[in-house]
Every structure is written in C-alpha cells, then in structure tokens.
Amino acid sequence: MTNGVTSLAPGLYLVATPIGNLEDITLRALRVLREADRIACEDTRQTQKLLNHFGIAKPTLSLHGHNEAARTPDLLAALEAGERIAVVSDAGMPGISDPGMHLAAAALEAGVAVYPVPGANAALTALVASGLPTERFLFFGFLPSKAGERRTALEKLREGADERLTVVFYEAPHRILETLSDLAAVWGEDARVVLARELTKLHEEFLRGTVAEVREALTERDKVRGEMVLLLDAVPEARVVAAESVGERVAALAREEGLDERDALKRVAKERGVSKSDAYRELQRERGKR
Ligand code: SAM
C-alpha cells in the first residue's frame, strides 16, 4: 500500500509462501502481502521473519488448526465489510495440510471473493522431479500417526487403486522408517518409491528406489532429518504380491512347510522387512478385525 491507496480488490487472498528457499516467493504474493489490510498467519512469528526479510510491515493475526473455526465469524464480518485479508501458512499453499480451507469455504458461502495466489507447494515440487508418472496422482497428505490406523489407510488405498498412479504423502522424519515398513507390507518390498527431502533448501535430496532400498539407505544414517515428501508408484499389479495378509501367509507357511506360528511370523517379518514384533502386532490387528 502506498499513501493508503491500494489496487487490491476486497476479498480473501490465499497466498503461497516459500517451502525453504525465499526466492520462491512470487512478485504477486509480495504485492498482495504489501497491499492487504491484514495477514492471517498459521504462526505469526514465523511469518514475521518472512515479512521482515521483504521489508513488509503489516498487522498479523493467528489462524491455525485450533482457532480457525473460532476466528472465522470475525474474519467473515471484516471481509463482508470490504477488508482485504491475506492468509498464509508457515510454508507453501495455505489449505494444503494447513489452515485456510474452512475460512475459504465460509467466505465463498457468504459471497465473499476468494483469490488464490499460487506458488510453492511441497507435494507438486516433489512430484515433478520424482521421475514417477505425473499424469495421474493422488495427494494423500499425512498418514495417520497410529500404527494400526496407518496400516488400515494404506490397505484401503491399495484396495481402491485400479490403475497406475503416483501417491504423494507428507511424512515426518521420526515416522518415515515405520511408514516404509508399512508400505513394504502392503505394496510389497519391490514397490518403487521416491523420498524427497529438504526441497528447495541447501541439502535437497531425492532418494529413489524400491521401498526396501530406500529404507535401507535411511537406516544406514545416524539420524533421519528434515522435511520430507514420500511418493509411491502405486501399480495395481504390485498389490497382488503383497495382498496376502500376515495371517494368510502364516497359515500358508504352516500348511506348506509345517512351521509353527512363532517361526512362521519370523519368516513373514523377514520377507516383509519388518520387525518380528511388528509382524505379531499386525497379526493381532487382523484377528481383531474379523
Ligand atoms: N502447505 C504446505 C504445502 O503447500 O506444501 C504443506 C504443509 S504441511 C503442514 C508440512 C509438510 O509438507 C512437511 O511435514 C513435509 O512433509 C512437507 N514439506 C514442506 N516443506 C518441505 C520441503 N522443503 N521439503 C520436503 N517436504 C516439505
């Protein structure tokens, strides 16, 4: 805004911010942030750093997962009165595994204009350089953090996949090894994956290979760090190999090789690249589902 004059139309602006490299802010994003009346931020301190870097002084307010619903009526009233409100998250596109979606829906419902201001997004950034098919992809976001729910979510995904597509997950470094074990169990060890770490940052890295290879590469490290996107080449034929449940495999090993449950579980764990206790837990979960 210069001398109180703005060219920005009233409404809600969903503004993408960089996912690491500050050069990835767009000229339009900077203009909108400069000209908006207020900026709603997932974390005001985080956004303040960005605003300071670009010399933007603007009132901010917090809008995060826990207060988005409560804040919406006040923000709607301000928008209906003609304010220009920009929404930003800590990184990337607001509304994508981040706050913004509810406010945008409420604004549209109230007849307020909603303007997307596109820019960086971790899922698409990872996808285009993954080497996996980009024609059809499914953005999954974060898998459930509880082991049983995560496995169930992956199984549902497998059951629903009827043609090849790339599935894009957001994942946290402390859970990536477990998730890769779950993928091995559900899609097979040979399923192709790509792990995209620290995109657009100094230590950007792509690990490409089978689930087993990528998991092994990570276990060789002292610590798995950084932000990451995991992509799976979801080929329907692959699921045929992995579709056998732990229970079915244990029964088959008992039938065909005379193994007792303990030895059969040991074998299943080895085949699937998971620990014995994980295989046991999975067996219990399957039995609980019956
Ligand atoms: N709204 C963001 C977007 O448009 O990408 C995503 C927000 S979500 C809360 C954060 C997750 O995105 C991280 O846990 C990670 O999975 C992924 N992510 C964000 N920045 C990343 C980066 N620079 N490299 C890899 N993954 C990233």
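Guide: Happy to. Six residues of domain 1 touch nine residues of domain 2, where contact means heavy atoms within 4.5 Å. Do bear in mind that this is a predicted model: local features need pLDDT of at least 70, side-chain atom pairs count only at pLDDT 80 or more, and totals for chains, interfaces and linings use all residues. Residues are numbered from 1 along each chain as its sequence is written, and side-chain values use heavy atoms, with hydrogens and water left out.

Domain 1 covers 11-120 and domain 2 covers 125-145 + 162-234; such bounds come from an automatic or database domain assignment. Together the two bury about 520 Å², with 59% of that on carbon and sulfur atoms. Buried area here is the accessible area (1.4 Å probe) that two parts lose on being put together, summed over both. On the domain 1 side, Ile19, Ile96 and Ser97 provide 71% of the area buried against domain 2, more than any other three residues.

As for polar links, one residue pair is in polar contact across this interface, both at pLDDT 80 or more. A polar contact is a pair of N or O atoms within 3.5 Å; within protein, one must be able to donate a hydrogen and the other to accept it, and residues adjacent in sequence count only if both atoms are side-chain atoms.

Ile19 also leads us to the ligand: one of its backbone N or O atoms lies 2.9 Å from a ligand nitrogen. A polar backbone atom of Met228 is 2.6 Å from a ligand oxygen, and a backbone N or O atom of Glu171 is 3.4 Å from an oxygen atom of the ligand.
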